[in-house]
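Trainee: Could you take me through one part of this model slowly, as I am still learning to read structures? I would like to look closely at the aromatic side chains and then at what surrounds them.

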Amino acid sequence: MKKIHVIGGGTFSYIAPHLALSAPAFGKVARSIACHYEIDRVVLHLTKMADYNSKIVTNEDVSKLIDNLIEDSDTKVIFFSAALCDYDGNIQTES
């Protein structure tokens, strides 16, 4: 049976170990989409911001997930409601 994947939540862009930019999103839209389909056909992928157990944290993590889903012949549809962080930051030090 082909799978319907729903991706939701927000991502972080780390600047330093305890400092990050973020795109706040907590998975409400993804959960709402997922509940409209047969439970055995839907795979809900939430980011860490929407589910503390998730290993999907950064834009790169989302990109890897999408690459894997595209390669999977059982993927029929991908709903993408995740909020990706639009910026990368860095800390400038005086020289």
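Mentor: Let's start with Tyr 14, which counts as partly exposed because its relative accessibility is 48%, a value between the 20% that limits buried and the 50% that limits exposed. Keep in mind as we go that this is a predicted model. Phe 12 falls into that middle class too, since its relative accessibility is 24%.

Now look at the two rings together. A pair of aromatic rings is described by the distance of the centres and the angle of the planes. For Phe 12 and Tyr 14 the ring centres are 6.3 Å apart and the planes meet at 20 degrees, so this pair is stacked; planes under 30 degrees apart count that way.

Where does Tyr 14 sit in the fold? Across from Tyr 14 you will find Ala 20 in E3. Strand E2, residues 12–16, pairs with strand E3, residues 19–22, in the antiparallel sense, and four bridges join them. With two residues between them, E2 and E3 make a hairpin.

The ring centres of Tyr 37 and Phe 79 are 5.8 Å apart with the planes at 35 degrees, so the pair is tilted. This pair links distant parts of the chain: Tyr 37 belongs to the loop between helix H1 (28–34) and E4, Phe 79 belongs to strand E5, and 42 residues separate them.

Tyr 37 also leads us to Val 42. Leaving aside neighbours within four places in sequence, Val 42 is in contact with Ile 4, Val 6, Ala 34 and Tyr 37. Val 42 lies in strand E4 and is buried, because its relative accessible area is 13%, under the 20% limit.

Strands of a sheet pair through backbone hydrogen bonds, either parallel or antiparallel. Here three strands make an open sheet in the order E4-E1-E5, with parallel pairing. Its edge strands are E4 (42–46) and E5 (75–80), each of which pairs on one side only. On average, neighbouring strands of this sheet are turned by 20 degrees against each other, direction ignored. Between strand E1, residues 3–8, and E4 there are five bridges in the parallel sense, and Val 6 stands opposite Leu 44 in E4. Helix H2, residues 59–71, lies across E1, E4 and E5, and runs at about 155 degrees to E5.

One last thing to look for is the cysteines. Cys 35 is exposed, with a relative accessible area of 58%, whereas Cys 85 is buried, at 8%. The structure holds zero disulfides.

Key: Residues numbered from 1 in each chain as written. Predicted model: local features only at pLDDT ≥ 70, side-chain atom pairs only at ≥ 80, totals over all residues. Heavy atoms only, no water. Disulfide = S-S within 2.5 Å. Buried < 20%, exposed > 50% of the residue type's maximum accessible area, 1.4 Å probe, protein only. Pairing = 2+ DSSP bridges. Axes fitted to C-alpha atoms, helices over the stretch in contact; angles between N-to-C directions. Contact = heavy atoms within 4.5 Å. Phe/Tyr/Trp six-rings, centres within 6.5 Å; stacked < 30°, edge-to-face > 60°.
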